[in-house]
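Me: Hi! I've got a structure open here and would like to talk through a few spots.
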Amino acid sequence: MKDAITQDAPLLKLKGLEKRFELDKGLLEQIKFKNGKLTREARAVHAVNGINLTANRGEALCVVGESGCGKSTVARLVAGLLTPSAGEIHYDGSRIDTLGRRELLPLRKKMQMVFQNPYSSLNPRMTIQQALEEPVSHHFPKLSRAEVRDKVAEVMRSVGVDPSWGKRYPHEFSGGQRQRIAIARALTVDPEFVIADEPISALDVSIQAQILNLMLEAKDERGLTYLFITHDLSVVQHFGTRVAVLYLGTLCELSDTATLFENPKHPYSRALLSAVPQLKDDKPNHIRLKGEIPTPIEMPQGCPFQSRCAFATNRCQAEKPRPLQQPDGSLVACHAVEEGRIDA
Amino acid sequence: MSLLSVRDLTVKFAMRDQTVTALNQISFDVGRGERIGIVGESGAGKSITGFSLLNLISKPGFIAGGEILFDGQDIAKMKEAELRKIRGNRMAMIFQDPMVTLNPVLTIGQQMVETLMAHRKLSRAEAEQIAVLKLREVYIPSPEERLHQYPHELSGGMRQRIIIAIALLLDPQLIIADEPTTALDVTIQADIMELLLELCQSNKVGLILITHDLGVVSQMTERTLVMYAGRIIENGPTREIINDPQHPYTQGLINALPQQTLPGHKLKQIPGNMPALTDIPPGCPFSPRCSYATDRCRSERPRISRYGTVEVACHEVERLLKDEKKEMTA
């Protein structure tokens, strides 16, 4: 049993998380000829720009946004697949972004990842049995071969994969079956935290429902905590306990799922929600945004959303809004909301 | 007379050791200026349907039977030269990925002018004028400058607008759009769909919209075809199909959407997978996944029949509706 203090503390905490990808790595790439002078200039993709976020035990924290908003980068930073450029990642009370490979090992057992494409996340030369046994024997070196096999069979059954299929290779399975196997592989080491990066986006509607049900079941039965990355808002509404809306690597709004869907406040959240085609609509029915997402290479000063926002003022162009707590508990980073220029 | 009338269209693919049937005797009509949606999951035959309407099925695939009557002429039997007069001219197609559709080594202007001059007797200057006009219609800012840009200089949403402008260049009577916004973000998707709807309505262009998204079909179309394993299993007015689906597969597809279940509750899933084309079960192709399936469903293929305003291919629906009739006469 864990003591009460760690039970209440958030399982995952991101503090001022930043990630830049350098575009011009070499010295020669950095030298530019401008205004008759040679200057040195290194461009970078600002994928994640100072995100503060926590995930509590047993919740499904969803991160949503459009392509290029940095949601997958957040997932990879948390999983330790990328190193942050600045900021801190705390897991279960201790800082993890500074740990080395060896120190991270025990954490990898607690934290597992499910990827978008089950066609590339399974090794085509390994049978399902091998792919599932490998993490178990790696993380539980004391288990005998028979015990490993039993553990794998049990997990396979729990995700609806017949253990007798173990001798087959990934190409013999459909996309939905492969995603079940990928989820089984994440669950075999008894993780407490699962990072799922668009786990159902590559699947058909009827298969999406199967996989979502499976993930919900695993959450209830194993008390899992999820960091769920997706662009699909109807899935968020169903699956998430809380939602973080990202735009250009910046947090726009963080809110309980029900609150966000009833009363989105940030102009971007509103537009995003309105753009989801609903079955009851008989014509497109959305808030039009001007322009398109700017590139994260040249980040605008001030609010990242200003170029497409109908409420942008001089202040929005000059000053980056900070996330502020709203009466209903949500966090919103918007000057217009703060100044009461948008009716909440 | 309908603008397009497809009758018993069958498309097969010759594999090394067998021939598989990708489209199995599908029939449907599209009226002038009518917008229809084709929905289904991957492998249902939606895209093959789109390609075959322009006779774009290439080897090892072939049209094995049936007719595609476009304004009374059978596209399935046309020669290449005749087809070229129809493709892009009277019937245009919009594909999923704009980067693949546009030629990366030609400017936007070259591609548009080339298309125009291939079909119309126009001077280069006249063609450029029309191109600018069409780009303005799809809300491309500063269209004169865009003519000199290459596809890679433009964003995904902008490229798809240009594709729509190219599709509309020669004032076609029918546009086939195959998942035109799947590669785009939701906010951009919404803009593109609204634009497409607006243009179809104002120019009285027919639209065949191929998509897996029932929400999009609901917003965009008047009639919906539901496909499963290379067959049309339901065909009717979009509102009726969405509000009161008849075929168990259509019901399952709609009920499986997260919006149809309270948050956090178990979703209503359809068990199993769509069969591979090499492995389509006898009888009704949906029978292994269907909770209503009987021995008859497993042995005898249901024919698509009309009940009021909808057409459905299902033995159970047939039985239920017959019972209703009996009750009414009793």
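Me: Where is Glu179(B)?
Reply: Glu179(B) sits in the loop between strand S7 (174–178) and H8 of chain B (helices are DSSP runs of H or I, at least four residues, and strands runs of E, at least two, numbered from the N terminus). This is a predicted model, with local features needing pLDDT of at least 70 and side-chain atom pairs 80 or more, while totals for chains, interfaces and linings use all residues. Residues count from 1 along each chain as written, with chains lettered from A and ligands numbered from 1 in written order.
Me: What is the phi of Glu179(B)?
Reply: Phi is near 45° there, which is positive although Glu179(B) is not a glycine. Glu179(B) has 19 other C-beta atoms within 10 Å, so it is partly exposed (20 or more is buried, 12 or fewer exposed, in between partly exposed, with C-beta placed from the backbone).
Me: And what about phi of Asp71(B)?
Reply: Asp71(B) is another non-glycine residue with a positive phi, near 55°. You'll find Asp71(B) in the loop between S4 and strand S5 (73–74) of chain B. Asp71(B) counts as partly exposed because it has 16 C-beta neighbours inside 10 Å.
Me: Changing topic: is the peptide bond from Lys59(B) to Pro60(B) cis or trans?
Reply: That bond is cis, with omega near 10°. Pro60(B) belongs to the loop between helix H1 (46–53) and strand S4 (61–70) of chain B.
Me: How many residues of chain B are in contact with chain A?
Reply: There are 37 from chain B, facing 33 residues of chain A (contact: C-beta atoms, placed from the backbone, within 7 Å).
Me: Which helices of chain B supply that side?
Reply: Helix H8 (186–203), helix H9 (214–220), helix H10 (238–243) and helix H11 (248–255) of chain B each bring at least two residues to the side touching chain A. H8(B) gives the largest share, 9 residues.
Me: Now over to H7(A): mostly covered or mostly open?
Reply: H7(A) is mostly covered, with 12 of its 13 residues buried. Among the buried ones are Gly176(A), Arg178(A), Arg180(A), Ile181(A), Arg185(A) and Leu187(A).
Me: What do the buried residues of H7(A) pack against?
Reply: Their partners in chain A are strands S8 (111–114) and S9 (193–197), plus helices H5 (128–139), H6 (145–158) and H8 (205–222).

Notes: Two residues are in contact if their C-beta atoms, placed from the backbone, lie within 7 Å.
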